[in-house]
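Subject: Structure handover

Hello,

Here is the structure I said I would pass on. My notes follow below it.

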Amino acid sequence: MKHLPKHLRPRWRYLAVRLDAWPDADFDRRDFQRSVWFAAQNLVGDAASADADLKVLRFDFADGTGEAIVRARRGHSEPARAVLACIDGVNGDPVGVRVVGISGTVRACEEKYLRRDGQFRDERKVVFEDARRSAVVRGDRLDVRTDGAFAGATELDFE
C-alpha cells in the first residue's frame with residue numbers, strides 16, 4: 001500500500017499542557033486520555049470529537065505536577081483548548097489543566113513550551129490550623145496534609 005502524497009496527509013497541531021493536582025494524585029496516560037475523550041464528547045459531541053481526533057502523545061506526571069502533549073487536527077485547536085479546559089478531574093483526583101502553547105511539530109512544542117522550570121519536590125513540617133503537619137513544597141506553593149486530604153497554601157499563609 002502506498003503512502004498518501006504530502007498534500008493529502010492530515011495536518012496536526014500539538015498542544016503543550018501542564019497538569020497540577022494534589023501530591024497524592026495517582027493517574028497515568030491512559031486515565032488522562034480517557035478524560036480527554038469524555039470531555040470532548042460532552043463538550044463538542046461525537047462527530048466533532050472524532051474530527052478533532054485528540055490523542056495524548058507524551059505524558060509525564062509525578063508528585064502532583066506533570067506535562068503532556070495532546071495532538072489535534074489542524075483547524076480544531078480552539079475546540080481542543082476548550083475541551084482541555086473542561087477537564088477538572090482524572091480518575092477521581094481533582095486536577096488543573098492548563099494549555100501553555102500550540103505548535104506545529106512535537107519537537108517545537110517540547111522545546112518552546114515544556115522546558116523544565118526547575119521545580120523540585122521538598123517536604124517540611126509547618127504549623128497549620130494550630131497543629132504541626134507535613135507539607136509538600138513545590139516552588140512557592142505548599143500543599144499541607146490535613147486529615148486524609150491536602151490544603152493548598154503559600155508562604156504568606158505561614159507568616
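From the N terminus on, the elements run β-α-β-β-α-β-β-α-β-β-β-β. That makes three helices and nine strands in the chain. Please keep in mind that this is a predicted model.

Overall dimensions and burial

The C-alpha trace spans about 65 × 30 × 25 Å along its principal axes. The chain has 159 residues, and 38% of them count as buried.

Salt bridges

How many salt bridges does the structure hold? There are seven, and I went through several of them one by one.

One pairs R18 with E67, with 3.6 Å between the closest N and O atoms. R18 belongs to strand β1 and E67 to strand β3 (residues 65-73), so this bridge ties together parts of the chain that are 49 residues apart in sequence. Are these two residues buried or exposed? Both R18 and E67 are buried.

Another joins E110 and R58, where the closest N and O atoms are 2.1 Å apart.

The side chains of R107 and E111 meet at 3.2 Å, N to O. Both residues lie in helix α3, four residues apart, which is about one turn of the helix. R107 counts as exposed because its relative accessible area is 62%, above the 50% cut-off. E111, with a relative accessible area of 48%, is partly exposed.

Surface charge

Which residues gather in a patch of positive charge on the surface? They are K6, R9, R11 and R74. R9 sits in the segment before β1 (12-21). Its relative accessible area is 44%, so R9 is classed as partly exposed.

Cysteines

A disulfide is a covalent bond between the sulfur atoms of two cysteines. A search of the whole structure finds zero disulfides. I checked the exposure of two cysteines. C109 is at 0% relative accessibility and therefore counts as buried. C86 is partly exposed, with a relative accessible area of 42%.

Helix α2

One residue I looked at here is A82, which is placed in helix α2 (residues 77-85). At 33% relative accessibility, A82 counts as partly exposed. A82 and V99 are 17 residues apart in sequence, and their C-alpha atoms are 9.6 Å apart in space.

If you want places to start in the viewer, I would take the R18 and E67 pair, which is buried, then the bridge between E110 and R58, and then the positive patch that includes R9 and R74.

Regards

Notes: Residues are numbered from 1 along each chain as its sequence is written. This is a predicted model: local features need pLDDT of at least 70, side-chain atom pairs count only at pLDDT 80 or more; totals for chains, interfaces and linings use all residues. Side-chain values use heavy atoms; hydrogens and water are left out. Patches are made of residues with over 30% relative accessible area and no salt bridge: like charges are joined within 9 Å, nonpolar side chains (Val, Leu, Ile, Met, Phe, Trp, Tyr) within 5 Å. Accessible areas come from the Shrake-Rupley method with a 1.4 Å probe; for residues, only the protein chains shown count as cover. A salt bridge is a side-chain nitrogen of Lys or Arg within 4 Å of a carboxyl oxygen of Asp or Glu. Lys and Arg count as positive and Asp and Glu as negative; His and the chain ends are not counted. The place of a charge is taken as NZ of Lys, CZ of Arg, CG of Asp or CD of Glu. Helices (H or I, at least four residues) and strands (E, at least two) are DSSP runs, numbered from the N terminus. Buried means under 20% relative accessible area, exposed over 50%, partly exposed in between (1.4 Å probe, protein chains only). A disulfide is a pair of cysteine sulfur atoms within 2.5 Å.
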